[in-house]
Amino acid sequence: MIWILVIIAVAVALTTTGLVWFVRGQLLRHEILDRPNDRSSHVVPTPRGGGLGVIAVLLSAWLIIGLVVPGSDPVANWLIPLAALALAWVSWIDDLRSLSALPRLGMQFAAAILGVMVLPGLVFQGLLPPWLDAAVTVIGWIWFVNLFNFMDGIDGISGIESMGIGAGILTIGLLTTDSLSAMHLHGLAITAAALGFLVWNWPPAKIFLGDIGSVPLGYLLGWLLLALAAHGQWEAAVILPLYYLADATLTLLRRLQRGEKIWLAHREHYYQKAVQNGRSHGQVSMAVGLVNLLLILLAAGTTMLAAGSIWRFAALAVAALLVLALLVWMKRTTIPANRHP
């Protein structure tokens, strides 16, 4: 089994690295660049659209895994990557000429509704009526897709977060099942694709994901987390993406409280504040990665405990404290006082 996992990981990572290299050359040739502005965290024009390479490899791997792994749901195995492909198409148009919110949200609603129809169970485990469970899941999934896009604002951070969530799902499968399901191998594929992309996106980034990468990637990760919750492992599904959930949601609530236009781009996320306060992109992304390693351990631990165990809730509390400590670290100013005007 271990050799199969290694072969999948190496194949996906190397193919992603090569294809992103090719895509980068084409983006430079056609001058499809993310040019710095007053809301940017970078200072050099950088190709935007690396997600073209990442998503092409990832969706191919996703389909192959679904076809060869026994017991996979054939409808979900085709529907989820097709929905992600549709999101990638709309997002690529948005990368090129900035679509209005209506077509983007419309496609996201359609993709989330179709995805919820093929989930392996109820996300809230019977605590809500089925229709309400589906409605809340759709809204939560759309929020996750958008927050994943919002959080893709400094070098390396989305690659690190994708690896954390994907590796966490794979780890849960290795610890709790006799044979890995397609869901666990999809986690491995995302981890490997993210690693391949980080070759080009690690600070200083030579290419950015763009919406074509962050939006479908958020959708696929959202699917895996919801499937995890539908299998009764909802604590793990909350713990694994907890930093992204906390940073994006708390930032949104602060902006709502101030009456700001929340749909406009900004530089108020905690990770952006950390860079403004003197942290490097690499330091912030590495800090997120370190916390994610601890979150993986906590998430995996909850799946090895009995349902309803008090220790599952204790793990959630510890995860929340870890994320809180990370947010506090990000807000601390490191620029010497004599550098301020």
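Leaving aside its neighbours within four places in sequence, which residues is Asp-152 in contact with?

A: Happy to. This is a predicted model, in which local features need pLDDT of at least 70 and side-chain atom pairs count only at pLDDT 80 or more, while totals for chains, interfaces and linings use all residues. Residues are numbered from 1 along each chain as its sequence is written, and side-chain values use heavy atoms, without hydrogens or water.

Beyond those neighbours, Asp-152 touches Ile-157, Ser-158, Leu-209, Gly-210, Ser-214 and Tyr-271, where contact means heavy atoms within 4.5 Å. Asp-152 sits in the loop between α5 (130-150) and α6. Its relative accessibility is 23%, so Asp-152 counts as partly exposed (buried is under 20%, exposed over 50%, partly exposed in between, with a 1.4 Å probe and protein chains only). Arg-279 lies 127 residues away along the chain, and its C-alpha atom is 17 Å from that of Asp-152.

Now follow the chain into α6. This helix packs against α12 (residues 281-303) at an angle of about 20 degrees, with the axes 9 Å apart. The two helices are therefore roughly parallel, a label for angles under 35 degrees. Among the residues making this contact are Ile-157, Ile-160, Glu-161 and Gly-164 of α6, and Ser-285, Val-288, Gly-289 and Asn-292 of α12. Elsewhere, α6 is one of the elements covering the buried residues of α1.

Methods: Helix = DSSP H or I, 4+ residues; strand = E, 2+ residues; numbered from the N terminus. Axes fitted to C-alpha atoms, helices over the stretch in contact; angles between N-to-C directions. Parallel < 35°, antiparallel > 145°, perpendicular 65-115°, else oblique.
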